[in-house]
Amino acid sequence: NTLIPVIAIDGPTASGKGTVAQLVAERLGYHYLDSGALYRLVGLASSKVGVSTASEPDLIPIAENLNVNFQGDRVFLAGEDVTDQIRQEEMGKRASEVAVHTGVRNALVSRQRAFRQKPGLVADGRDMASVIFTDAATKVFLTASAEARADRRYKQLIAKGFSANIQVLLQDLRERDARDANRSNSPLKAVEGAHHLDTTSMTIEEAVNQVLKWHQAS
Ligand code: CDP
Ligand code: CDP
């Protein structure tokens, strides 16, 4: 299993991780893991049963027993298509609140590692290189300025027909960055040996090609 190559892509919200990771996976014919979706699902599943994001003992069994199915770009929770629900900004916030708990993180480890299958895996999140796939062949730390990221989120939400306010998005994004970077367990940070990629003024295609280049050289 450890012989199967992994490309780990970590970074803050709206840095382009998901978009870049999926395209790299497509080009290489690799599997894809959206680890953030798992935290978002714990956020959603707990809110459905009225469990607070502060209540670690109640969140752990929810994380352990998540009945999740990934089908193409759709995500199902207990058979229900929850793709749009988990993408809401509110669920990103809930995800980052449940993600501070060690018990919740531990409950999701083996589920994430199970995605490592032939011929390879591209995984995106916050701790792909630092915790889940420490032996990843290629480690990328993807960033972009907060303004560029808020602008991307804004355009993404408007394109999907949601309303959005760029100032509110910028404030929410800074709050989530701070929570993710300052938590004691698996904080968002670049590991030694990670390739840094600032995509502020890069196209998606350029970012994808850079990651592929690094992986070919690994
Ligand atoms: O997964 P993450 O939250 O890091 O970001 P994403 O959902 O992949 O990307 C957020 C938005 O930024 C998407 O609409 C991308 O198309 C866009 N994007 C971009 O405009 N330029 C880039 N270099 C990367 C992403
Ligand atoms: O797409 P975006 O970057 O906004 O969020 P995401 O990747 O779906 O992750 C949502 C939240 O889950 C993050 O803000 C983190 O708090 C948490 N998360 C984590 O702690 N570890 C991961 N490997 C992935 C996500």
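Biologist: Which residue does aspartate 180 form a salt bridge with?

Modeller: Arginine 183. The closest N and O atoms are 3.6 Å apart. Keep in mind that this is a predicted model.

Biologist: Are aspartate 180 and arginine 183 buried or exposed?

Modeller: Both aspartate 180 and arginine 183 are buried.

Biologist: What does arginine 183 do at ligand 2?

Modeller: One of the polar side-chain atoms of arginine 183 sits 2.9 Å from an oxygen atom of ligand 2. Arginine 105 also places a polar side-chain atom 2.8 Å from an oxygen atom of the ligand. Aspartate 127 has one 2.8 Å from a nitrogen atom of ligand 2.

Biologist: How much of ligand 2 does the protein cover?

Modeller: 96% of the 530 Å² of accessible area that ligand 2 has on its own.

Biologist: How many residues surround ligand 2, and which are closest?

Modeller: 19 residues surround it. The closest are Thr13, Lys17, Arg40, Arg105 and Asp180. By type, the shell has nine charged, five polar and five nonpolar residues.

Biologist: Which element gives the most to that shell?

Modeller: α2, with four residues.

Biologist: Switching topic. How many aromatic pairs are there in the whole structure?

Modeller: One. Phenylalanine 70 and phenylalanine 115 pair edge-to-face, at 5.8 Å centre to centre and 75° between the planes.

Biologist: Where do phenylalanine 70 and phenylalanine 115 lie?

Modeller: Phenylalanine 70 is in strand β3, and phenylalanine 115 is in the loop between α7 and β6, so the pair ties together parts 45 residues apart in sequence.

Biologist: How accessible are phenylalanine 70 and phenylalanine 115?

Modeller: Phenylalanine 70 is partly exposed, at 29% relative accessible area. Phenylalanine 115 is partly exposed too, at 22%.

Biologist: Back to salt bridges. How many does the structure hold?

Modeller: 15. One of them joins glutamate 205 and arginine 27, with the closest N and O atoms 2.7 Å apart. That pair links helix α11, which holds glutamate 205, to helix α1, which holds arginine 27, across 178 residues. Glutamate 205 is partly exposed at 42% relative accessibility, and arginine 27 is partly exposed at 44%.

Biologist: What about arginine 116 and aspartate 135?

Modeller: They form a salt bridge, with the closest N and O atoms 3.1 Å apart. Arginine 116 is in the loop between α7 and β6, and aspartate 135 is in the loop between α8 and β7. Arginine 116 is buried, with a relative accessible area of 6%, whereas aspartate 135 is partly exposed at 37%.

Key:
Residues numbered from 1 in each chain as written. Chains lettered and ligands numbered in written order. Predicted model: local features only at pLDDT ≥ 70, side-chain atom pairs only at ≥ 80, totals over all residues. Heavy atoms only, no water. Near = heavy atom within 4 Å. Polar contact = N/O pair within 3.5 Å; in protein donor to acceptor, adjacent residues only side chain to side chain. Areas by Shrake-Rupley, 256 points an atom, 1.4 Å probe, with all protein chains shown as cover. Helix = DSSP H or I, 4+ residues; strand = E, 2+ residues; numbered from the N terminus. Nonpolar A, V, L, I, M, F, W, Y, C, P; charged D, E, K, R; others polar. Phe/Tyr/Trp six-rings, centres within 6.5 Å; stacked < 30°, edge-to-face > 60°. Buried < 20%, exposed > 50% of the residue type's maximum accessible area, 1.4 Å probe, protein only. Salt bridge = Lys/Arg side-chain N within 4 Å of Asp/Glu carboxyl O.
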